[in-house]
Amino acid sequence: MTANIGQAGNPQATAARERSLMSRLLGGEFQQLPVFLSLVLIWIVFEILNPQFITSRNLSNLVLQMAEYGLLAIGETLILLLGEIDLSIAAVSAVGGAILAELAANNVNPYLAILAGAASGAIIGLFQGFWVTILRVPSFIVTLAGSLGYLGLLFVLIGQEGTVPIMSNTINAIAGNYLPAWLSWLFVVISIALVAWSVWRNKAARRSMGLPVKSSSTMWVRVMASVIVMILVTVVLNAYQGVPIAGLILIVFVAGFAWMSQSTTFGRHIYALGGNEEAARRAGINVKGVKIAVFTLAGLLAAVGGIVGASRLGAASTAAGGSDLLMDSIAAAVIGGTSLFGGRGSIWNALAGALVIGSIENGMALLDAGTSTKYLVEGAILLLAVTFDTFTRMRRQKLGR
Amino acid sequence: MTELGQTSKHVLEVRGLRKRFGAVQALDGVTFSVAAGEIVALVGDNGAGKSTTIKMIAGVEQPDEGDIVFEGESVRLSSPAIAEKLGIQTVYQDLALCDNLDIVSNLFLGRELRRTIIPGVVRVLDRNEMERRAMPVLNELGIRLPPLDTQVASLSGGQRQTVAVARSVLWGSKLVMLDEPTAALGVVQQRAVLELIQRLAQSGKAVLVISHNMNDVFKIADRIVVLRLGRTVAAFERGNVTPEQVVAAITGASAVEEVTS
């Protein structure tokens, strides 16, 4: 709704603007809408079924539960944006957690252990990225094979006992401690200030360049909505024990990677590659470099998720990295509206998708639903999300040309 | 018929290009030239070597033999990046656009403008500056597009073609090559794109167009170069030739007009 080249002041311009808002809604450009609506629906249903659901204590729990696959989902979203898939992230996260636990058990400085755990994920990601881009083996196979290999590695690291307990207080604090209320509010204030400043700066810049300024209403609705959500979440979490550190880690990573994907050249190139790899190549984009970097980041994020997971469990275990974690992460990305066909989706939506998955798991646990029901419901939701994605894609192709 | 003169006015001169793919002699002596402000149409039947020729000038393929002279200097175009750096832009038939990105992102794809947030550390995309730079170029060519933050997926075929052409203009190219620019378009859109190509030439760029469509060719081309079986078989001035004669040269039905270089 900005530049109307050569038609400024044209009465058609306003009509075009209204039409484009409508087509944007239908064309799935407001990708957030479906996932947020389903989230609201899920919460209402669970709250009706069990009033324990929307309580500070349970929501705080929910944040802790979703932190691990939320982090994995960020990486998976980046990979899906390329039009690739990574089936190894759960196994990589387990390896990251195991390396952390082993090092901590050998009295290595906990921060160093955390760094080493995270680095192991990045190295695995780099290796996979190399295999996919240079040797051109499909990512599906590379990461599936890799996943098995890393599980083997996990047994080597942990041994047959099955678990390595984590004694370090520093590491256990990641998922066990909470921010003091004042600090969480400080973060909220800083975030609000940052958002307001960037909106204001952008407007001022456009005005001074003589570019059409976006209608403020949509912009402010968005800003206000995110401010309200931030404040609400902080109030709710502070009513229990505070904002979990794991939750803070998740939100910082989500915000950071969302910013990277939207505001940096690297992020733009990820989308370009997913949209039309050949076009990206012809435009001179370093296609291989971008792909390898994204696989590396996905590995890194998986390992960070694994560290948070290990901290929550207080141990690294051979049972970590099971297929649940993988499915939850992929489901979070896809339910968030990220297309399996590449080029469409967003990091913030992965967080929303993780919330959906987390809410369902948490809610069904509260209802004492069996594992069978849980799997059935999750499977159905994943299938629906992918079907929705396929249909919108077909619709786009029909309209596109 | 035109002599293929050696004047330095010629932005591009191609001499005796040959290329063999395995058993197939794809090009067997292609010779022509394009001057600044001139539109040259490259015509020929399927398999005559039009696309291969364009690919060589774009740096996608390299000739086995022959010379490509750009602005008076013999050049070796070993990659598309080198060709682009020299000022050779190609608008491909399959429109190398990213559907999922908006117009301005496509215009600046691979050459995004950035601004510094933390000196030496963080630089971010400067969307506003990109839009600001794009506007005068688009206006100058009389290009009308929806708002620049519209996704390319929602544009019509003509608008997409326009974006692809605008992209080449924005990058200060000296030679623009278009592969079947009107192939997938409706009548109105075809006319708009043809006008755009003419304005491109008026702004002083050398334009090379591949086309199957004789109407288009006769509407815009200053000269028509005919390829058959990988050779340049004729070169006509538009004013001195009828479509029938061109078609005859394409199919080889008439006495071939040999071109000497």
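Is Leu229(B) buried, partly exposed or exposed, and how many C-beta neighbours does Leu229(B) have inside 10 Å?

1. Leu229(B) counts as partly exposed, with 16 C-beta neighbours inside 10 Å. The model is a predicted one, and the points below should be read with that in mind. Leu229(B) sits in the loop that joins strand 11 (223–228) to strand 12 (231–237) of chain B. Its phi is positive, about 50°, although Leu229(B) is not a glycine. Most residues other than glycine have a negative phi.

2. A second residue of this kind is in chain A. Asp368(A) is not a glycine, yet has a positive phi of about 60°. Its place is the loop between helix 15 (347–366) and helix 16 (371–400) of chain A. Asp368(A) is exposed, because 8 other C-beta atoms lie within 10 Å and a residue with 12 or fewer counts as exposed.

3. Helix 8 (residues 243–251) of chain B has three buried residues, Val246(B), Ala249(B) and Ile250(B). Viewed down the axis of helix 8 of chain B, the buried residues fall within an arc of 100°, so they line one face of the helix. Glu244(B) and Thr251(B), on the other side of helix 8 of chain B, are exposed. The buried residues of this helix pack against strand 3 (39–44), helix 7 (214–220), strand 11 and strand 12 of chain B. Strands 11 and 12 of chain B are also the ones on either side of the loop that holds Leu229(B). Just after helix 8 of chain B comes Gly252(B), with a positive phi of about 80°.

4. The largest nonpolar core comprises 173 residues. Leu100(A), Ile57(B) and Ile197(B) are the residues with the most contacts inside this core. Its largest share, 14 residues, is supplied by helix 13 (residues 287–313) of chain A. Leaving aside residues up to four places away in sequence, Ile57(B) touches Leu12(B), Val14(B), Ile68(B), Leu77(B), Ala83(B), Ile88(B) and Met177(B).

5. Where the two chains meet, 34 residues of chain B are in contact with 37 residues of chain A. On the chain B side, helix 2 (80–86), strand 8 (122–125) and helix 4 (127–140) each supply at least two residues. Helix 4 of chain B gives the largest share of that side, 6 residues. By type, the residues of chain B that touch chain A divide into 17 nonpolar, 9 polar and 8 charged.

6. Contact between them involves 9 residues of domain 1 and 8 residues of domain 2 of chain A. On the domain 1 side, the elements that give two or more residues are helix 3 (56–82) and helix 10 (245–263) of chain A. Helix 3 of chain A accounts for the largest share of that side, 4 residues. The domain 1 residues that touch domain 2 of chain A divide into 4 nonpolar, 4 polar and 1 charged.

Conventions: Residues numbered from 1 in each chain as written. Chains lettered and ligands numbered in written order. Predicted model: local features only at pLDDT ≥ 70, side-chain atom pairs only at ≥ 80, totals over all residues. Core = buried A, V, L, I, M, F, W, Y, C linked by C-beta atoms within 7 Å. Buried ≥ 20, exposed ≤ 12 C-beta atoms within 10 Å, placed from the backbone. Contact = placed C-beta atoms within 7 Å. Nonpolar A, V, L, I, M, F, W, Y, C, P; charged D, E, K, R; others polar. Arc of directions from axis to C-beta.
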